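Welcome! Please keep the picture open as you read.

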Amino acid sequence: MAAINSNFLKLKAGYLFPEIARRVKAYSENHPAMAARIIRCGIGDVTEPLPPAAVQAMHEGVAELADRETFKGYGPEQGYGFLRQAIVDHQFAGLGISADEVFISDGSKCDTGNILDIFGKGNTIAITDPVYPVYVDTNVMAGNTGDADAQGTYAGLLYLPCNAANQFVADVPAGKADIIYLCFPNNPTGAVATRAQLEAWVKYARANDAIILFDAAYEAFIQDPAIPHSIFEIDGARDCAIEFRSFSKNGGFTGVRCACVVIPKSVCGQADDGSRVPLHQLWSRRHTTKFNGASYPVQKAAAALFSAAGKQQVAALIAHYMGNAKLLREAAAAAGLPVFGGVNAPYVWVGCPPGLSSWDMFDKMLGEAQVVITPGSGFGSAGEGYFRISAFNSRANVEEVCRRLMTLAA
Ligand code: MLT
């Protein structure tokens with residue numbers, strides 16, 4: 001009989017968002033009269049149509065594939081040069097990143113999980129709590145943890161608590177970590193790190209020969225010009241950081257799929273014989289072996305987001321979702337709840353009313369207001385007592401959610 005990867009058996013029953021979908025489905029089946037009233041502010045999935053510049057470029061890409069003269073088969077696994085260069089020019093200009101340090105992929109969820117392929121065993125892995133669950137679950141699958149306790153906290157991970165006292169930005173740990181996951185603007189809390197806080201992290205990573213895995217999937221939502229968009233804005237980060245970028249939330253590509261990983265050639269890990277090995281070379285080998293590239297029309301569409309028209313259309317999408325975030329923040333505050341995030345991020349992080357757990361609040365919002373939120377405890381034990389409202393929705397839905405929040409509070 002084939003042996004399985006028993007690490008999977010350590011995972012909690014379901015990934016958070018499928019579990020929420022399961023509960024919503026059960027509620028709808030048990031309350032069919034209410035089903036049409038349900039508004040989903042759970043998973044951060046975009047609702048607005050694709051920017052026209054991307055749609056046009058995708059059509060053009062398909063037309064090229066339909067013509068013998070311009071047909072293309074397999075593309076470069078690392079991505080087409082035109083997109084890699086556009087990313088450097090528009091997102092990393094002046095930061096010392098070259099196009100061959102950018103690897104195009106089909107999503108940051110996959111990238112942040114797959115990156116573990118190039119790391120060995122025995123690393124001390126630091127994650128913030130609460131956290132995007134993919135970082136934890138992929139480490140469990142890779143055998144980098146022990147078992148979970150009743151709160152879902154895994155032995156073997158170094159948890160960095162984020163709470164109202166530190167404004168949901170983790171301090172560098174006292175001890176040594178080898179790999180650190182940071183996500184700014186943060187999913188789930190919507191917090192952002194200041195330049196000084198990121199400098200402290202880069203300093204820590206360099207002092208400890210650690211690697212920062214910096215998830216910047218939400219950078220486009222930053223409104224405050226003083227907040228860095230990339231870890232590579234920090235001196236020294238080119239020696240200790242890998243950055244993940246995505247077109248999912250800025251270009252509305254959650255259903256289209258396109259993202260990238262940036263690995264400077266100067267970032268190294270340690271081989272068994274103690275030698276320093278560039279991670280770029282390992283990821284390049286992994287990517288070209290296990291991935292055949294994002295599709296050509298999709299890469300054309302992603303590049304079109306950087307055209308003058310594309311940039312304007314992306315800015316309009318961001319303004320729309322951040323307008324939603326503002327309304328949600330105001331409504332939650334008016335309902336008397338503690339509110340965080342939602343200023344430089346499309347997630348509003350809200351304290352539950354006294355006496356209610358995160359899942360109690362999920363049930364209350366679904367049962368009494370027919371609004372789906374994400375329970376904070378689903379992001380880690382430090383998320384208990386909070387819930388996340390996603391601002392990805394139509395304006396009409398958000399206004400209705402605000403009305404229902406107020407009614408619930410009355
Ligand atoms: C979320 O809701 O946290 C995100 O949509 C998840 C993701 O981007 O994979």
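The protein chain splits into domain 1 (8–49 + 309–409) and domain 2 (54–307), with bounds that come from an automatic or database domain assignment. This is a predicted model, in which local features need pLDDT of at least 70 and side-chain atom pairs count only at pLDDT 80 or more, while totals for chains, interfaces and linings use all residues. Residues are numbered from 1 along each chain as its sequence is written, and side-chain values use heavy atoms, with hydrogens and water left out.

Between the C-alpha centres of domain 1 and domain 2 there are 25 Å. The two domains also touch: 35 residues of domain 1 are in contact (heavy atoms within 4.5 Å) with 45 residues of domain 2.

Now to the ligand. Both domain 1 and domain 2 give residues to the shell around the ligand, so the ligand lies between them. Which residues are around the ligand? They are Phe 17, Ile 43, Gly 44, Tyr 132, Asn 187, Tyr 218, Lys 249, Tyr 347 and Arg 388, where a residue is near if one of its heavy atoms lies within 4 Å.

Three of these side chains make polar contacts with the ligand, meaning pairs of N or O atoms within 3.5 Å:

| Side chain | Distance to a ligand oxygen atom |
|---|---|
| Tyr 132 | 2.6 Å |
| Lys 249 | 2.9 Å |
| Arg 388 | 2.7 Å |

On its own, the ligand has 270 Å² of accessible area, and the protein covers 85% of that (Shrake-Rupley method, 1.4 Å probe).

Finally, a look at the cysteines. How many disulfides are there? The count is 0, a disulfide being a pair of cysteine sulfur atoms within 2.5 Å. For Cys 110, the closest cysteine sulfur is in Cys 258, 11 Å away, which is too far for a bond. Cys 402 is in no disulfide either, as the nearest cysteine sulfur, that of Cys 41, is 8.7 Å away.

Definitions and conventions: A polar contact is a pair of N or O atoms within 3.5 Å; within protein, one must be able to donate a hydrogen and the other to accept it, and residues adjacent in sequence count only if both atoms are side-chain atoms.
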